[in-house]
Amino acid sequence: MAAALVAYLRDQHCAAQMRLFDFFRARSDLQTPVELPTAAHHDLCYRQLRALVHEAGVRPLTLMATDPAEYFAVMEAAGGADISLDVKLGVQYRVVCMLQLMAMIPDSVCFMSLGSNVQALQTTATFDPVTDEFIINTPNDGAIKWWIGNAALHGKFATVFARLILPLQGKGGEAADMGIHEFIVPIRDLETHAVLPGIEINDCGHKIGLNGVDNGALRFRSVRIPRDNLLNQFGDVSRDGKYTSSLPAINKRFAATLGELVGGRVGIAYCSVGVLKVAVTIAVREACGGHGYAAVNRFGALRNDHDIFQTFEGDNTVLLQQVAGDLLKQYQEKFKGGTLSVTWNYLRDSMSTYLSQPNPVTARWEGEDHLWDPNFQLDAFRVFDLGIGRYNETCHNIITKYISEWEAMVTRARRWIDFKNDYKTMDLNFM
Ligand SMILES: Cc1cc2nc3c(=O)[nH]c(=O)nc-3n(C[C@H](O)[C@H](O)[C@H](O)COP(=O)(O)OP(=O)(O)OC[C@H]3O[C@@H](n4cnc5c(N)ncnc54)[C@H](O)[C@@H]3O)c2cc1C
């Protein structure tokens, strides 16, 4: 029963996940006890993360680049040991991946984005052309960024979202606000680990859950960083203070910058599923009842650790509104125009969707029943009615629909595939 449940829940990443479970099972010094003071939990979580990389041989960055599915499976398994470990690992390696500076980042990093009201972000990064630096400044207490994972104790660098300000570049010679960009800001000394001048860090204190993660609040007081510390994928500043971007519209840059958060949100979904798997396994094993109330069975801790998943990677209420807004936009797009063209567009799209289902003419079913099936014959007539040219075109569009996304993803993961001179095949052995 137990083996069957493990095989069912762990599926294709069973081996990788079981390796991690075995590692923690054999290391009582790395297991999270039922009761633990906050400071000790911070320390344990840090040791768990180091052991995962240095002793268990997990290579999160390599996995992220070569096999993201296995990376998320490993994260999920880390959450089985302690959900704090999963979150700390996610904060640490997502940021390092964004920086693409693996060799230069020797220790912990944290990730400082925003609350829900992103447009109102107040922290600025003002370019100083004299010293070739940005000056990072949080203008008031209300603009302090709270809850940053890894900030209170272990982080040495932060990725900071701030408004990029270019002096004298606006209309009439005033400063120009180029919108939100990301910057790497050192927050602690690499040798002594002391907090650097101009940086204020406050611990967010004991939490309802996830107490292995050291969350902190950060404020910057005119902190200077080199111009190179701008993460310049979506916009850059030259030595003489000129701004360039492949995305000239500020809202496009904004969307692209925030798009960086999507990977983290995928990780959150994986982790939630992982929490469910742990809870189900314990429930089956213990047959619970009253025992479910014993802290050692972890239900309370799992619930407390998991509650914040609705908020900390983007508040669910706000994300729901964003999805609803986008769906309404798509709906409006679909039904704009006169009645006739709307009907025609609707029918055309329905036909494309219909054709995206298994090809009705060359289906691989060979039985007599299939050939006599009136639905199959009707489908075949529909395809012939559409015309073979249009049918081929529709099939081609369906198959190549996601090429640009795939190319962007592969390029982003720093892999190389020749998309311009590639060889396309429908041979199932290669699919
Ligand atoms: C444990 C923990 C860990 C975190 N880790 C990190 C981290 O590592 N890095 C980081 O950058 N941040 C981190 N955060 C911060 C997190 O990203 C924010 O808390 C989250 O985005 C919500 O923003 P907020 O706290 O400013 O709440 P607000 O956005 O102010 O929301 C407050 C309330 O208002 C509601 N609300 C907001 N806007 C709307 C709207 N338009 N319509 C209707 N209702 C609305 C929300 O639903 C919520 O109930 C963490 C937070 C926690 C608690």
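At what angle do helix 1 and helix 8 pack, and how far apart are their axes?

## Helix 1 against helix 8

Helix 1 (residues 2-10) packs on helix 8 (residues 262-286) at about 170°, and their axes lie 11 Å apart. Helix 1 is therefore roughly antiparallel to helix 8 (angles over 145 degrees count as such). Axes are lines fitted to C-alpha atoms, for helices over the stretch in contact, and angles run from 0 to 180 degrees between N-to-C directions. Helices (H or I, at least four residues) and strands (E, at least two) are DSSP runs, numbered from the N terminus.

From helix 1 come Leu5, Leu9 and Arg10; from helix 8 come Lys277, Thr281 and Val284. Contact means heavy atoms within 4.5 Å. The residues of this contact divide into three nonpolar, one polar and two charged.

## About the model

This is a predicted model, where local features need pLDDT of at least 70 and side-chain atom pairs count only at pLDDT 80 or more, while totals for chains, interfaces and linings use all residues. Residues are numbered from 1 along each chain as its sequence is written, and side-chain values use heavy atoms, with hydrogens and water left out.

## The two sides of helix 7

In helix 7 (residues 250-259), Arg253, Phe254, Thr257 and Leu258 are buried (under 20% relative accessible area, with a 1.4 Å probe and protein chains only). These four cover an arc of only 130° around the axis, which puts them on the same side of helix 7. The arc is taken from the directions from the helix axis to the C-beta atoms. Asn251 and Lys252, on the other side, are exposed (over 50%).

The buried residues of helix 7 pack against strand 5 (157-166), strand 6 (176-186), strand 12 (243-244) and helix 8.

## Strand 2 and its partners

Four of the five residues of strand 2 (residues 124-128) are buried. Strand 2 pairs with strand 3 (residues 133-137) in the antiparallel sense over five bridges. Pairing needs at least two DSSP bridges between two strands. Thr126 stands opposite Ile135 in strand 3. Four residues lie between the strands of this hairpin, where Asp132 takes a positive phi near 60°.

Strand 2 also runs parallel to strand 5, joined by three bridges. There, Thr124 has Arg163 as its bridge partner.

Three strands form an open sheet in the order 4-8-7, with antiparallel pairing. Strand 4 (145-148) and strand 7 (199-203) are the edge strands. The twist averages 30° from one strand to the next. Five bridges link strand 7 and strand 8 (residues 216-220). Asn202 has Ala217 in strand 8 as its bridge partner.

Conventions:
Angles under 35 degrees count as roughly parallel, over 145 as roughly antiparallel, 65 to 115 as roughly perpendicular and the rest as oblique. Ala, Val, Leu, Ile, Met, Phe, Trp, Tyr, Cys and Pro count as nonpolar, Asp, Glu, Lys and Arg as charged, and the others, Gly among them, as polar.
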